[in-house]
Amino acid sequence: MTGGIDHDTPAPARTVPGAALADVVTAPRAPRTPRTAEVPHPRRLPDATPGTPSTRPQDDHLHPSAPRAQRWVGLAVFAIAASAATALWLLLAVEVPQETAAVQEGILLGAWHVLYDTELPPTRILLAALALAVLLASGVALVEQRISTRSRRSVDQRTDPLAPKLVMARTRGVYAGPVTVTALIPAHDEEHSLPATIASLQAQSHPPERIVVVADNCTDGTVAVARRAGVDVVETVGNTRKKAGALNQVLTQVLPDLGDNDAILVMDADTALDAGFLATAVARMTSDRALMAVGGLFYGEDGAGLLGQFQRNEYLRYAREMRRRDGRVLVLTGTASLFRPAALRAVADSRGTRLPGTPGDVYDTAALTEDNELTLALKSLGALMTSPPQCTVVTEVMPTWRTLWAQRLRWQRGALENLGAYGVTPRTLRYWAQQLGIGYGVIALGSYFLLLTLALLSSDQWIWFPFWIGLGGLFTLERVVTVWRGGWRARLLAATLLPELVFDAFLDIVYVKGVLDICLGRQASWKHVVHTAPTGTATGATAGSLTAAGTGGRP
């Protein structure tokens, strides 16, 4: 790679609020005079009059005229899960024991008198439950594998323009040059978190050729911070569509002039990359020209007390699941993902026909979770994507229960609304199954707490059930093992079990709230987290542990 960023002497900062952005990204890197032209608005609908806003509602996912299927998708998922839970309960209720074993009394540790019941569930029920669990898990995995294989082998240009077989055929014998990286960082009032984000890019073992901060309606020192760091700055013009709208303004200018190997990294302004992220991603794209996108695995930054640890444990388990999936993508995370221009152009060209959204837009501005929606869009076009375990990032955790509630409500609503927009297709089956699993989990955990409460209220003495204690022990062991890489704090929290169950119950309440809000057509909006000046080096310490991943540290 040539023309890298000089980390010792930052390049002169440039504010490029205009059509000159394409020159910033693609032109040779000789010194230039700053441009002052404005960034044009995203491409309009075909019948839009130049100079007038698009007629598409800004929040049509909340609009009363939104498709009925999209508004009722959450309730449908929950109803199916409830039906499955009821059927399972009825099946279990058929097997009523004829005789109940007597409660026995014992002495534990020579001093503690306890009551216990050694009754076991019927063997037939235990075997049926185990077989059902294995059947469901293996069935989902086999269906997903079959769909993935068909997508890889597809030669249907109309339905799968990004299918690997077609991409390989189109690019056979064509050398598009080395893989280069342009980093786009959408930022809204991120003056405190932005320096660490830019520093993590400049410290990459394979640094990006360009770093562009997309300053969106900033009222703080975000632009000044970016200039001092020596990176390019683009200020959006009249954007009212949050992160997706800001990125669309920039990508409209950038994409037409990029070559097949001029990759675009989109990352959040509160995220720090592991030092080897881009080197791994570029190597993957260099070795496989059919690979359309590389997503990151995210871990939570230090801090925020017990609430922060809950989130870090959650992210650890997600990353572990992705490693076990061998990089097969569930979501191209908005924290940091690398895209080929051909993939983003195909999405923009398919909006309004094969994909939801406004024609010409890469991101659907109606989606609450634009990263999840873009993942579904790319999968719907047959794109090959991966999330290598070496591509890790450290991202913020929500500091309060209120901000966590707002974040997770947006995530859950966004996921359900996106499924409503895309419908039931082979590419979305995995996501429908995931939502059904969440709905079933809500019912199961709620039932557990309800039965536990009833047992406590209806008995004047505590009775121990060795079988269920053993089952609970296995569950606790699984919780500890899945966060082992997070250190002693993560393991200790997982071992106590009950606090994490309460946290899970909190997330379940968010899920139910999201389902109700969708069905009732209630408004939803982004809740921007106001960042404060860092008080320590927590994020840097976490990033350091991520860097050690190659030698057996955190992935």
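This is a predicted model: local features need pLDDT of at least 70, side-chain atom pairs count only at pLDDT 80 or more; totals for chains, interfaces and linings use all residues.
1. **Tyr 431.** Tyr 431 sits in helix H14, which spans residues 429-458. Tyr 431 is buried, because its relative accessible area is 5% and the cut-off for buried is under 20%. Leu 416 is 15 residues away from Tyr 431 along the chain, and the two C-alpha atoms are 9.3 Å apart.

2. **Overall make-up and confidence.** The protein has 555 residues, and 47% of them count as buried. It contains 18 helices and 14 strands. Take the contacts between residues at least 6 apart in sequence: 76% of them join residues at least 24 apart. The average pLDDT is 80, and 78% of the residues score at least 70. Two stretches call for a separate remark. Over residues 1-20 pLDDT stays under 50, and the model has 52 contacts beyond four places in sequence for them. Over residues 24-66 pLDDT also stays under 50, here with 92 contacts beyond four places in sequence.

3. **Strand S4.** Which residues of S4 are buried on each side? On one side they are Thr 180, Thr 182, Leu 184 and Pro 186; on the other they are Val 181, Ala 183, Ile 185 and Ala 187. Both faces of S4 are therefore covered. The strand runs over residues 180-187, and eight of the eight are buried, so S4 is largely enclosed by the rest of the structure.

4. **Partners of S4.** S4 pairs with strand S7 (residues 262-267) through five bridges, and the two run parallel. Within that pairing, Thr 180 has Asp 262 as its bridge partner. S4 is also joined to S5, by six bridges and again in parallel. There, Ile 185 is bridged to Val 213 of S5. In general, strands of a sheet pair through backbone hydrogen bonds, either parallel or antiparallel.

5. **The S8-S13-S10 sheet.** Three strands make an open sheet with mixed pairing, in the order S8-S13-S10. Why is one side of S8 and of S10 left without a neighbour in the sheet? Strand S8 (271-273) and strand S10 (297-300) are at the edges and have a single partner strand each, so one side of each lacks a neighbour in the sheet. Neighbouring strands of this sheet are turned by 30° against each other on average, direction ignored.

6. **S10, S13 and helix H10.** S10 pairs with strand S13 (residues 392-395) in the parallel sense, over four bridges. Leu 297 is opposite Thr 392 in S13. Helix H10, residues 305-324, lies across S10 and S13 and runs at about 160° to S10.

7. **Helix H5.** H5 covers residues 164-171, and its buried residues are Pro 164, Leu 166, Val 167 and Thr 171. These residues cover an arc of only 160° around the axis, which puts them on the same side of H5. In an α-helix there are 3.6 residues a turn, so residues three or four places apart point the same way. What do the buried residues of H5 pack against? They pack against helix H4 (123-153), strand S9 (291-295) and strand S12 (384-386).

8. **Positive phi values.** Three residues deserve a look at the backbone. Asn 217 has a phi near 55°, positive in a residue other than glycine. Asn 217 belongs to the loop between strand S5 (210-215) and helix H7 (222-228). Asn 217 is partly exposed, with a relative accessible area of 38%. Ala 304 is not a glycine either, yet its phi is positive, at about 70°. Ala 304 is in the loop between S10 and H10. With 35% relative accessibility, Ala 304 counts as partly exposed.

Methods:
Residues are numbered from 1 along each chain as its sequence is written. Side-chain values use heavy atoms; hydrogens and water are left out. Buried means under 20% relative accessible area, exposed over 50%, partly exposed in between (1.4 Å probe, protein chains only). The arc is that of the directions from the helix axis to the C-beta atoms. Contact means heavy atoms within 4.5 Å. Two strands pair if DSSP finds at least two bridges between them. Axes are lines fitted to C-alpha atoms, for helices over the stretch in contact, and angles run from 0 to 180 degrees between N-to-C directions. pLDDT is the predictor's confidence in each residue, from 0 to 100.
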